[in-house]
Amino acid sequence: MSTVRRAAVLGSPIAHSLSPVLHRAAYARLGLGHWSYDRFEVDEAGLPGFVEGLDSSWAGLSLTMPLKRAVIPLLDEITGTAASVEAVNTVVLTEDGRRTGDNTDIPGMIAALRERGVEKVESAAVLGAGATASSALAALAEICPGPVTAFVRSRERGDEMRGWGDRLGVDVRVADWGRAGEALHAPLVIATTPAGTTDSLAAAVPAAPGTLFDVLYEPWPTALASRWSSAGAPVVGGLDLLVHQAVLQVEQMTGLDAPLAVMRTAGEAALAAREG
């Protein structure tokens, strides 16, 4: 009989996470009937106790906000990718108890863009300046040799983005959010803002835009993504990112090739059921 293996996603709030749907679909296709994947409501205060309570049956953890930085002191090591943005969204646990942290959001972004034919861009724009924006800069460090303009709401946020740019080797220019309509003319626009924030920009989408990467997946499509698609231009959505980063998590935790198409179909079905 196969040894039981466990994994889960942690965060707060966590009830709407699609990670269990994606990982369980992968386990089913891979024949991993002895694997389980759950979700747990865990905040920063509860994280140390949760991690210390894990036994040898645990293979890995997925982490969402607000835990991506809080987990770092609890780990034995983190990868260079995770260190580059000081954020861990994946913890791989070995049977001897070693904990390694990684960040699959960054390669997940690159893979999602590549899937839409975006291998390199000469310049880009980022809408927003939160944690996802720093991951976007790390992804752009790999595919964008030219300048990246960050559209932000405050001088402090602008300074943060410049700091990340210096650290990641990205030429970051900062512009006020009031000029965000200018971002839409960039070859690649990455929107990292909360739901509704970019709705007012939809009317400013140019006639022949480049590629939009909107990290939201619910509600979907956003007003900006809908207008972008109407212009006949490529759109990469939050579900694309979620699936690609989850594929990498499954592969790290199980050691097997993850079934990307199966996971995406499961995610699409789950979102459609919520809308219904």
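**Labels and their grounds**

Modeller: Start with the parts: the chain has nine helices and 12 strands. Keep in mind that this is a predicted model.

Biologist: How do you know whether the radius of gyration agrees with that of a compact globule?

Modeller: Set the value against the rule. For 276 residues, a compact globule would have a radius of gyration near 19 Å. The chain has 19 Å, so the two agree. Along its principal axes, the C-alpha trace spans about 60 × 40 × 30 Å.

Biologist: What share of the residues counts as buried?

Modeller: The cut-off is under 20% relative accessible area. By that test, 52% of the 276 residues are buried. The chain exposes about 12000 Å², and carbon and sulfur atoms supply 50% of that area.

Biologist: What makes two strands in the sheet a pair?

Modeller: At least two bridges between them are needed. Strand 1 (residues 5-11) and strand 3 (residues 58-63) have five bridges, in the parallel sense. They therefore pass the test.

Biologist: Which order do the six strands of the open sheet take?

Modeller: The order is 2-1-3-5-6-4, with mixed pairing.

Biologist: Why is one side of strand 2 and of strand 4 left without a neighbour in the sheet?

Modeller: Strand 2 (35-41) and strand 4 (77-78) each have a single partner strand, because they stand at the edges.

Biologist: How far apart are the mean positions of the positive and negative charges?

Modeller: They are 3 Å apart, for 22 positive and 32 negative charges.

Methods. Residues numbered from 1 in each chain as written. Predicted model: local features only at pLDDT ≥ 70, side-chain atom pairs only at ≥ 80, totals over all residues. Heavy atoms only, no water. Helix = DSSP H or I, 4+ residues; strand = E, 2+ residues; numbered from the N terminus. Rg over C-alpha atoms; globule rule 2.2 N^0.38 Å. Buried < 20%, exposed > 50% of the residue type's maximum accessible area, 1.4 Å probe, protein only. Areas by Shrake-Rupley, 256 points an atom, 1.4 Å probe, with all protein chains shown as cover. Lys, Arg positive; Asp, Glu negative; His and termini not counted. Charge placed at Lys NZ, Arg CZ, Asp CG, Glu CD.
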